[in-house]
Amino acid sequence: LSVKTSPILISREIGRSYESVVSLIQNLGGEECVPIASGRWTRECDEHLLAAIKEILKTEDLMDVFEGIPWTAVSRKLRKDHKINFTSKQCRQRYLFHAAFNNNNSSHYKLSTSDKTSLKRKLIILVDELNVDGFTSLPFDKLYKEHFSDVLSSHQQLTMYLRRMICCTVNKWQVKSWSEIINELYEKYVDSPT
């Protein structure tokens, strides 16, 4: 494959999605083509992912790091150093929706199950009361400062926390309206908290 070749043309030619072609090109990186992992992430993979991000960003503290991570470099490092073949997109999603919250440095990680349930319930009640028209209209900075600064480390973490709740709880959230999403979250975490 030539880097100068358009991923759109390649995707049409081979019958694959544009995203999968771009991911493949990014992960080739001039090295031998390796199969992309489709299995489950293990705790060891999470540890290697966090270590790779720390090394690339030259930091030991990932507490508030949610943006500016070079995911292609992270994916290449995992493949080169540990023979872990997840795409840059898979690495990003794993970090944002799981590993960042299970990182031992994360304040959320230190919360008990009942505290996490209370946090989810409180967040959904507040979001519902705000009566905004969508996720991007939420005042995360204000919510964090007024209600969550004692349990979470930043408004970015609060943002990712709600995003993770939506993705993990609401089936087919991508095609639902904001009110449908909030109603489902309300039913799960407020009406019948588990």
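Helices are taken here as DSSP runs of at least four residues, numbered from the N terminus. In this predicted model, the place of K83 is accordingly in the loop between helix 4 and helix 5, the latter spanning residues 88–102. K83 has a positive phi of about 55° although it is not a glycine. Most residues other than glycine have a negative phi. With a relative accessibility of 65%, K83 counts as exposed, because the term applies to values over 50%.

The chain as a whole contains 9 helices and 0 strands, and its pattern along the sequence reads α-α-α-α-α-α-α-α-α. Of its 194 residues, 38% are buried.

K58 is placed in the loop between helix 3 (43–57) and helix 4 (71–82). Its phi is near 55°, a positive value in a residue other than glycine, and its relative accessibility of 73% makes K58 count as exposed. R16 is found in the loop between helix 1 (7–14) and helix 2 (18–28). The relative accessibility of R16 is 48%, and R16 therefore counts as partly exposed, since over 50% would be needed for the class of exposed residues. When residues up to four places away in sequence are not counted, R16 touches S11 and V21.

Leaving aside neighbours within four places in sequence, L123 is in contact with F148, L158, Y161, L162 and M165.

Two helix pairs illustrate the packing. Two packed helices are described by the angle between their axes and the distance between the axes. Helix 6 and helix 8 pack at an angle of about 90°, with their axes 11 Å apart. Helix 6 is therefore roughly perpendicular to helix 8, because angles of 65 to 115 degrees are placed in that class. On the side of helix 6, the residues K116, L119, K120, L123, I124 and V127 take part, and they meet L158, Y161, L162 and M165 in helix 8. By class, this contact has 8 nonpolar and 2 charged residues, with no polar ones.

Helix 8 (residues 155–169) also packs with helix 7 (residues 140–148); the two axes come within 8 Å and cross at roughly 100°. This angle makes helix 7 roughly perpendicular to helix 8. From helix 7, the contact involves F140, D141, L143, Y144 and F148, and from helix 8 it involves H155, L158, T159 and L162. The residues of this contact divide into 6 nonpolar, 2 polar and 1 charged.

Notes. Residues are numbered from 1 along each chain as its sequence is written. This is a predicted model: local features need pLDDT of at least 70, side-chain atom pairs count only at pLDDT 80 or more; totals for chains, interfaces and linings use all residues. Side-chain values use heavy atoms; hydrogens and water are left out. Axes are lines fitted to C-alpha atoms, for helices over the stretch in contact, and angles run from 0 to 180 degrees between N-to-C directions. Helices (H or I, at least four residues) and strands (E, at least two) are DSSP runs, numbered from the N terminus. Angles under 35 degrees count as roughly parallel, over 145 as roughly antiparallel, 65 to 115 as roughly perpendicular and the rest as oblique. Contact means heavy atoms within 4.5 Å. Ala, Val, Leu, Ile, Met, Phe, Trp, Tyr, Cys and Pro count as nonpolar, Asp, Glu, Lys and Arg as charged, and the others, Gly among them, as polar. Buried means under 20% relative accessible area, exposed over 50%, partly exposed in between (1.4 Å probe, protein chains only).
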